[in-house]
Amino acid sequence: MKTWLITGCSSGFGQRLALAAAQRGNRVVATARDVKSIEEMARPFDGRMITLPLDVTDAAAAKAAVAKAVETFGGFDVLVNNAGYGLFGAIEEATSEAYRPMFEVNVFGLIETTRAALPVLRRSGGTIVNMSSGAGIAGSGGAGYYNAAKFAVEGISEALAGELKPFGIRVLIVEPGPFRTDFLGRSITMAANEMPEYAASSRRHYRETNNGNQAGDPDKAVAVILQAVDADDAPLHLPLGPAAHAIAERKLASFRSDIDAWRHISIVTDFDHS
Ligand SMILES: NC(=O)c1ccc[n+]([C@@H]2O[C@H](COP(=O)([O-])OP(=O)(O)OC[C@H]3O[C@@H](n4cnc5c(N)ncnc54)[C@H](OP(=O)(O)O)[C@@H]3O)[C@@H](O)[C@H]2O)c1
């Protein structure tokens, strides 16, 4: 019987994952900034799902949520760092008032929640699921800050995978393409200082035309994540949906081409052994 601790359960992937895990009989610690927004969700599960307040930017709240999970269920073996939001705008357009809080949630929030959970997970073993993005695989104009945050998630996750292997803890980096959640609606901040010079890389039109029309079905995404958490052979990186796979393929090809193109020039940099 798995026990999950999930951040950002008020909507989207987090909400669906909490429900799907509880519906199949698992125990769930569902968390959200506004705990009232998720209390109703737990009612049908007779104590198998508990709800707790957790703003992931509050390290003390993360420790308190972990302590409550231990008190209620004796621990947990799946941590899902799902809470996050996007920031669209060119690097020159967004200000630190916009990008620093986004890193606080997407990067430092994930770190603090993970650090709070590790003493428990090291005892039980288990799985850490980190929600990255196709934007964590390859950078693209108009999304640089979000790219940087999700690249940080990728780096931390890859390092954790090695560090935590001896404790029987696996890491799963989920890299969704566009899925129909609240993400392109309320979970995107647009850079305040829109500059006509960056019209070509603006994500405004993309957001307006795709919000509510994303090809990805979040319930199908959640089914894949459940399958990966259950499997013994799940990969570290899990691009989710055809768009994310296309991003990964393009990235691999361009990375390979870059490495090869200047290998003869860039490889001869060690001290001479004479
Ligand atoms: N949907 C996509 O296309 C897509 C693609 C790639 C990656 N992702 C990633 O998937 C994850 C979930 O997003 P979603 O698509 O499910 O969007 P969503 O429906 O908008 O859900 C985002 C969740 O994050 C929560 N959140 C934001 N800031 C928080 C904080 N400080 N503390 C705790 N929770 C916080 C939100 O809670 P509140 O209700 O309190 O705001 C909400 O529950 C994110 O990490 C996102 O970057 C999504």
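Mentor: The second largest cavity has a volume of about 40 Å³. On a 1 Å grid over the protein atoms alone, a cavity is a set of points where a 1.4 Å probe fits but cannot get out; points are joined across faces, edges and corners, and the volume is the space filled by probe spheres set on them. This is a predicted model, in which local features need pLDDT of at least 70 and side-chain atom pairs count only at pLDDT 80 or more, while totals for chains, interfaces and linings use all residues. Residues are numbered from 1 along each chain as its sequence is written, and side-chain values use heavy atoms, with hydrogens and water left out.

Trainee: Which residues line the second largest cavity?

Mentor: Lining residues have an atom within 4 Å of a point. Here they are Thr-7, Val-56, Asn-81, Asn-82, Ala-83, Val-105, Asn-106, Gly-109 and Leu-110. Helix H4 (residues 96–124) gives the most, with four residues; helices (H or I, at least four residues) and strands (E, at least two) are DSSP runs numbered from the N terminus. By class, this lining has four nonpolar, five polar and no charged residues. Ala, Val, Leu, Ile, Met, Phe, Trp, Tyr, Cys and Pro count as nonpolar, Asp, Glu, Lys and Arg as charged, and the others, Gly among them, as polar.

Trainee: How many cavities of 30 Å³ or more does a search of the whole structure find?

Mentor: The search finds two. The largest cavity holds about 90 Å³ of space. Its lining comprises 13 residues, with Gly-89, Glu-93, Met-190, Glu-194 and Ser-202 nearest its centre. Five of the lining residues are nonpolar, four polar and four charged.

Trainee: What volume has the largest pocket?

Mentor: A pocket is an open set of points with protein on both sides within 12 Å along at least five of seven lines. The largest pocket has a volume of about 1200 Å³. Among its 50 lining residues, Gly-84, Tyr-85, Tyr-146, Phe-183 and Ser-187 lie nearest its centre. Helices H1, H5 (144–164) and H8 (242–261) and strand E8 (188–190) each supply at least two lining residues, and the largest share, four residues, comes from H8. The classes are 22 nonpolar, 19 polar and nine charged.

Trainee: How are two packed helices described?

Mentor: They are described by the angle between their axes and the distance between the axes. Axes are lines fitted to C-alpha atoms, for helices over the stretch in contact, and angles run from 0 to 180 degrees between N-to-C directions. Helix H1 (residues 12–23) and helix H7 (residues 218–230) pack at about 55°, with axes 9 Å apart. H1 is therefore oblique to H7; angles under 35 degrees count as roughly parallel, over 145 as roughly antiparallel, 65 to 115 as roughly perpendicular and the rest as oblique. Phe-13, Arg-16, Leu-17 and Ala-20 of H1 make the contact (heavy atoms within 4.5 Å) with Pro-218, Asp-219, Ala-221, Val-222, Ile-225 and Leu-226 of H7. Eight of these residues are nonpolar, none polar and two charged.

Trainee: At what angle do H4 and H5 pack?

Mentor: H4 and H5 pack at about 15°, with their axes 9 Å apart. The two helices are therefore roughly parallel to each other. The residues of their contact divide into 16 nonpolar, two polar and no charged.
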